[in-house]
Amino acid sequence: MSRAALLLLADGRFPAGGHAHSGGVEAAVARRAVHDTASLEAFCRGRLHTTGLTTAGLSAAAAAGHDALLLDDAADARTPAPALRAVSRRLGRQMTRAARATFPSAALERLAAHRPQGAHQPVVLGLTARAAGLTPVDAAHAAAYESAGGPATAAVRLLSLDPLDASRVLARLGVETDRVATAAADAAARVAAEGVDALPSASSPLLDITGEQHAAWTVRLFAS
Amino acid sequence: MHLDHSLPHQHFPSASATRPDGHRRALRVGLGGPVGSGKTASVAALCRTLRDRYALAVVTNDIYTREDAEYLLREAVLPPERIAAVETGACPHTAIRDDISANLEAVEHLEETLHPLDLVLIESGGDNLTATFSKGLVDVQIFVIDVSSGDDIPRKGGPGITTADLLVVNKTDLAPHVGADLAAMAADARRQRGDLPVIFTSLTSDDGIREVADWVTGHLTEWRAEAAV
């Protein structure tokens with residue numbers, strides 16, 4: 001296992017399209033729900049324990065080698081908002097491109113062949129982690145970390161927030177991020193016995209609603 | 001878990017010159033430069049000049065609106081299905097240089113739906129003098145500046161000015177009004193760029209884009225000649 005491979009996958013500079021997405025924080029900023037460091041931390045914590053936990057579970061299960069197509073369906077079932085489903089598949093396509101150049105695998109090619117319009121991003125992330133020799137909990141870490149890291153980075157641009165404050169938010173969420181990743185990997189370990197229903201399905205209805213609204217905006221900085 | 005050795009050296013270069021079906025893909029030309037220098041107007045003029053001879057499509061990278069794409073639609077320089085807008089997450093240079101995945105998707109989508117295309121123009125969002133396109137995204141790039149933003153811009157240099165395959169200095173019609181010294185701009189550009197070409201344009205005059213269109217056509221001819229080898 002290469003520890004550096006995990007750092008590469010979790011790095012916001014990994015060219016997989018994430019930089020153009022705010023993880024819902026642009027809509028939250030527009031509603032003034034996020035307007036300073038404290039409200040950003042609350043938003044990131046909420047996203048970590050909902051979207052973050054759910055995507056981390058899917059990534060961990062994919063990294064463990066469970067049926068990627070089944071997991072892709074499970075991701076659909078856990079993503080009720082059509083706009084966010086489309087975003088997840090688009091990011092999955094973009095991550096597939098990056099994974100082909102960095103950690104190519106036959107498993108990823110099979111998934112891409114069955115999902116030409118893109119598989120869900122957390123599933124692709126899990127397969128990529130597996131190809132990189134990483135463990136399920138590593139994949140869960142990358143997904144959980146990104147669920148808070150994405151909005152934090154976007155908030156720096158949207159609110160001209162002090163980047164040191166945004167980094168402090170992520171540092172403070174570190175232990176919780178670890179716990180979410182562990183819980184997700186534990187759930188993924190139960191998939192063999194219990195099926196994909198064992199995976200977390202935490203959702204955030206407000207993120208779903210505002211995500212759908214954001215997709216209809218004509219003027220916006222981020223694609224989601 | 002281990003690396004999948006069935007695909008040890010498989011690599012998919014972003015800008016492979018051929019499509020998956022083996023046909024040579026369209027030439028990709030990037031147009032970058034500061035806000036307001038005339039990138040969209042240049043794209044519109046290129047479309048009007050070249051659209052009857054070549055199968056064209058355009059990708060725009062607006063910073064926070066779809067205004068550039070809508071301008072092109074309003075001006076009816078191309079049918080709507082030939083124009084795609086990419087969103088850049090407040091970072092136009094990232095989308096054309098550091099993480100080109102959304103732009104590549106847009107280009108490939110146009111190539112698939114409008115096959116066969118000869119030429120794809122990719123317009124960056126207005127940015128600064130350091131913004132250049134990745135070679136993984138475009139084959140050649142044009143950097144567009146204008147005389148009214150200060151005639152010292154070529155002297156200041158930066159990657160856009162010094163390395164673009166073509167430097168366009170636009171709005172020469174405004175030079176007398178803003179006191180811009182075109183000769184000094186040309187001399188500075190030569191100093192910064194060596195043998196790389198510079199074209200001065202005024203898009204308010206009839207056929208003001210002609211020289212730039214010829215430059216693009218020249219590259220397109222070369223691109224096709226390589227395909228024929």
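Colleague: Which residues does L9(A) touch, leaving out those up to four places away in sequence?
Modeller: Keep in mind that this is a predicted model. In it, L9(A) touches F14(A), F103(A), L125(A), T128(A), A129(A) and L134(A), with residues up to four places away in sequence not counted.

Colleague: And which residues touch the most other members of the largest nonpolar core?
Modeller: L9(A) is one of them, along with L71(A), L111(A), L134(A) and L199(A), in a core of 45 residues. Several helices of chain A supply at least two residues each, including α1 (3-10), α5 (82-102) and α8 (136-159).

Colleague: Where does the largest share of this core come from?
Modeller: From α3(A), which gives eight residues. There is also a second, separate core of 32 residues, and among its members are L27(B), L121(B), I142(B) and W215(B).

Colleague: Is C91(B) buried or exposed?
Modeller: C91(B) is buried, because its relative accessible area is 13%, and the cut-off for buried is under 20%. C47(B) counts as buried too, at 0%.

Colleague: Okay, and what lies over the face of W223(B)?
Modeller: That's R24(B), at 3.8 Å from the ring centre.

Key. Residues numbered from 1 in each chain as written. Chains lettered and ligands numbered in written order. Predicted model: local features only at pLDDT ≥ 70, side-chain atom pairs only at ≥ 80, totals over all residues. Heavy atoms only, no water. Buried < 20%, exposed > 50% of the residue type's maximum accessible area, 1.4 Å probe, protein only. Core = buried A, V, L, I, M, F, W, Y, C linked by side-chain atoms within 4.5 Å. Helix = DSSP H or I, 4+ residues; strand = E, 2+ residues; numbered from the N terminus. Contact = heavy atoms within 4.5 Å. Lys NZ or Arg CZ within 6 Å of the ring centre and 35° of its normal.
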